[in-house]
Amino acid sequence: MYRSTEQIDNILFDLNKAVDAHYDWLINMFACVVNNNIDQSESINTHAHHLCHFGRWLDGRQPANPEESSCLQAIDATHTQMHKCGRELMGVIRDKKTNTDKFSEFKHRLALFSAAVTAYKTYLLKMRGGVDILTGLPGRRMLDERFEQQLNEVSNQNVYMLLLDIDRFKNVNDTYGHLVGDGVLRELAQQLRDRIRGGDTAYRYGGEEFIIILHAPSDREACQAALRLCESVAATTILCDDKALNITVTIGVTQAWAGESIGVVAKRADAAMYRGKQTGRNRCMFMDEGGEIHLITD
């Protein structure tokens with residue numbers, strides 16, 4: 001699962017606000033020491049890393065994929081340790097101890113926290129750069145970068161590639177104009193988002209082509225998922241620029257095997273899809289392990 005540009009922008013905005021609030025928290029933490037009211041400060045609470053504004057923001061995060069989860073775990077770990085060290089440093093200052101190690105350690109913990117936040121921002125910006133602006137789906141570059149990892153992540157299910165192409169899309173552009181054509185692409189992208197499962201991912205591959213990386217226990221389940229998607233698209237009326245349009249797609253399906261490059265898998269899916277175009281469109285075709293292409297039916 002990947003985030004839209006709007007989601008990424010909202011996360012970055014909220015993250016920056018949370019970081020700003022957190023530095024205010026740190027300033028107030030030491031102000032409590034100076035004003036001799038350390039015992040009334042939430043900063044000495046062992047759960048302070050959950051009570052501060054940043055902690056509340058972090059507790060509400062739901063990662064979209066393992067890479068984002070790893071970033072958030074790093075932030076959580078460094079944030080917790082920074083609070084722990086801050087509590088210890090407050091005690092050193094209050095008791096007027098000359099333990100300079102605590103100052104150095106706190107500086108180190110703060111640097112680790114800042115580095116983890118920066119790494120997460122870098123990840124989000126990289127993801128944003130890989131999102132197709134028109135449809136909001138991850139684009140071809142992100143698929144190229146993530147394909148090998150997606151193959152390796154799944155152990156109990158097979159990985160399949162579904163290559164979708166809108167039938168006679170040129171007619172839509174020629175008849176209604178490219179603005180309507182863009183609207184059709186956006187609406188189809190939304191349909192794909194709505195209809196795929198949480199562990200599967202839809203990409204805009206280019207032009208009117210889309211790819212879905214799907215996980216299924218067998219060829220039959222993968223083919224039936226593709227057929228349901230094909231039938232659902234055909235049955236859905238798209239409202240675009242005061243026009244009601246119906247489109248169909250032709251889908252090529254193939255299994256991706258460990259160690260294969262995305263180019264090899266896409267070539268098989270494209271051959272299956274092209275056979276569907278040749279034999280009538282609005283259908284799903286499956287290329288099996290032996291290279292034979294079959295029409296998918298109920």
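Here are a few questions and answers about this predicted model.

User: Which conventions apply to the residues and values here?
Analyst: Local features need pLDDT of at least 70 and side-chain atom pairs count only at pLDDT 80 or more, while totals for chains, interfaces and linings use all residues. Side-chain values use heavy atoms, leaving out hydrogens and water, and residues are numbered along each chain as its sequence is written, from 1.

User: How are α7 and α8 oriented to each other?
Analyst: Helices here are DSSP runs of H or I with at least four residues, and strands are E runs of at least two, numbered from the N terminus. The axes of α7 (residues 169-176) and α8 (residues 178-195) come within 7 Å and cross at roughly 140°, where axes are lines fitted to C-alpha atoms, for helices over the stretch in contact, and angles run from 0 to 180 degrees between N-to-C directions. Angles under 35 degrees count as roughly parallel, over 145 as roughly antiparallel, 65 to 115 as roughly perpendicular and the rest as oblique. The two helices α7 and α8 are therefore oblique.

User: What is the strand order in the open sheet of six strands?
Analyst: Two strands pair if DSSP finds at least two bridges between them. The edge strands, each pairing on one side only, are β2 (201-206) and β8 (293-295). With mixed pairing, the order is β2-β3-β1-β6-β7-β8.

User: In β8, which residue is the bridge partner of Met-287?
Analyst: Strand β7 (residues 284-287) pairs with β8 over three bridges, in the antiparallel sense. The partner of Met-287 in β8 is Ile-293.

User: Is the ring pair of Tyr-120 and Tyr-123 stacked or edge-to-face?
Analyst: Rings of Phe, Tyr and Trp (its six-membered ring) pair if their centres lie within 6.5 Å; planes under 30 degrees apart count as stacked, over 60 as edge-to-face and the rest as tilted. Both tyrosines, Tyr-120 and Tyr-123, sit in helix α5 (residues 100-129), three residues apart, or about one turn of the helix. Their centres are 6.3 Å apart with 15° between the planes, and the pair is stacked.

User: Is Trp-57 buried or exposed?
Analyst: Buried means under 20% relative accessible area, exposed over 50%, and partly exposed in between (1.4 Å probe, protein chains only). Phe-54 counts as buried at 0% relative accessibility. With a relative accessible area of 10%, Trp-57 is buried.
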